[in-house]
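Let's take a walk through this protein together. Have the sequence and the 3D view open as you read.

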Amino acid sequence: MTAEPVLPCAQLSDTSLAKKHLPARRYLALRNLRTSSGYSLDMAIQSGIDNPDSNIGIYAGDKETYRLFEPVFSPIINEYHRLEPGMMYQPTFDSVHLPGLDPEQRFIRSSRVRVARNLEGFPFSGHMTRTQRLAVENTVKNALARMEQDLAGSYTAFADLSPAAYNALREKGLAFPKGDRFQDAAGINRDFPSGRGIFISHDNIVRVWVNEEDHLRIMAQCPGSDIEGVFNRLRRMTIALSRHLDFCVDDQLGFLTSCPTNIGTAMRAGVHICLEKLEYKSDILNRLVSDHHLQIRGTGGEKTAVQKSIFDISNARRLGVSANTIIEDLHKGLSAIIRTEKNL
């Protein structure tokens with residue numbers, strides 16, 4: 001007797017949300033569907049199959065992915081973002097005025113806020129052809145060239161650089177490398193470095209990555225604790241670009257991204273902070289972080305270790321809250337963390 005073939009959904013990691021929310025019957029009901037750009041459920045879960053330690057296990061290939069494959073994406077989104085009934089995208093994105101943090105610069109080493117954006121009319125990074133990727137780059141370059149005053153800067157295409165020049169940018173933390181193995185399996189690294197590049201404002205505060213995991217990663221960063229300043233600069237840059245670019249957004253899910261963990265505000269606001277005492281009081285630090293809807297990463301970001309007591313602390317919520325709530329949570333949480341560090 002011939003054995004029944006193993007369904008792709010059964011090959012997903014038992015620890016992934018995709019495996020949890022994609023039983024065989026649901027997979028069979030969706031497997032033959034295709035979005036307008038030709039994206040399938042098998043494409044969506046390929047990264048989760050190739051990487052057995054994947055926690056999510058699924059990527060979106062275009063805007064339509066989220067609706068066509070809603071029976072699997074919706075429960076994953078609800079569980080990951082811990083959504084309660086009725087919670088949805090909150091569009092408020094106003095300028096902020098926050099009390100100063102760490103005026104003596106004893107703790108916070110740097111502050112950064114970034115948002116991810118994709119363009120309407122194009123597949124997402126994992127499902128693009130080289131021609132489409134170059135078209136996105138050209139569209140974004142034209143918009144960036146129209147930025148003015150402190151938002152103005154210059155764009156560098158990675159394909160125009162020699163290996164030495166590209167590596168020099170990487171060492172400065174400016175050029176982004178190929179994505180990790182999860183992104184590679186999702187097709188995001190295809191054709192690298194063609195169509196990729198970075199825009200840097202003349203004062204080096206605003207940066208835009210083009211065609212990384214998403215079409216754009218818009219960010220503002222500076223040394224020290226000026227969270228208000230980087231948030232407001234990022235806001236102005238994002239609004240200025242939106243006058244020339246049509247961002248991919250959904251009324252309920254917010255800004256749509258390749259990975260469903262980033263949708264909503266698609267914002268990550270955080271700091272590098274030195275906590276020499278709290279490093280050895282992880283129970284206290286974890287409670288403070290949890291109380292203010294924050295998360296801890298290693299010094300070099302996700303899946304890295306903490307070095308020289310430098311923590312990367314940022315927001316844990318992206319969907320169901322506004323950008324302003326995110327930055328206020330971060331400010332309140334950091335205030336409490338610094339106060340505790342001083343008192344230990």
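Let's start with a word we'll need: two residues are in contact when they have heavy atoms within 4.5 Å. Keep in mind that this is a predicted model, where local features need pLDDT of at least 70 and side-chain atom pairs count only at pLDDT 80 or more, while totals for chains, interfaces and linings use all residues. Residues are numbered from 1 along each chain as its sequence is written, and side-chain values use heavy atoms, leaving out hydrogens and water.

Now find Val96, which sits in the loop between H5 and E1. (Helices, H or I with at least four residues, and strands, E with at least two, are DSSP runs numbered from the N terminus.) Beyond its neighbours within four places in sequence, Val96 is in contact with Glu228, Phe231, Asn232, Asn324 and Ile327. Val96 and Asn232 are 136 residues apart along the chain, yet 6.8 Å separates their C-alpha atoms. Is Val96 buried or exposed? Its relative accessible area is 5%, so Val96 is buried; the word means under 20% relative accessible area, with exposed over 50% and partly exposed in between, using a 1.4 Å probe and protein chains only.

Next, look at strand E8 (residues 267-274), where seven of the eight residues are buried. Strand E1 (residues 108-117) runs antiparallel to E8, joined by seven bridges, and Arg114 stands opposite Arg268. E8 also pairs with strand E10 (residues 310-315), again antiparallel, over five bridges. Pairing here takes at least two DSSP bridges between two strands. Cys274 has Ile310 in E10 as its bridge partner.
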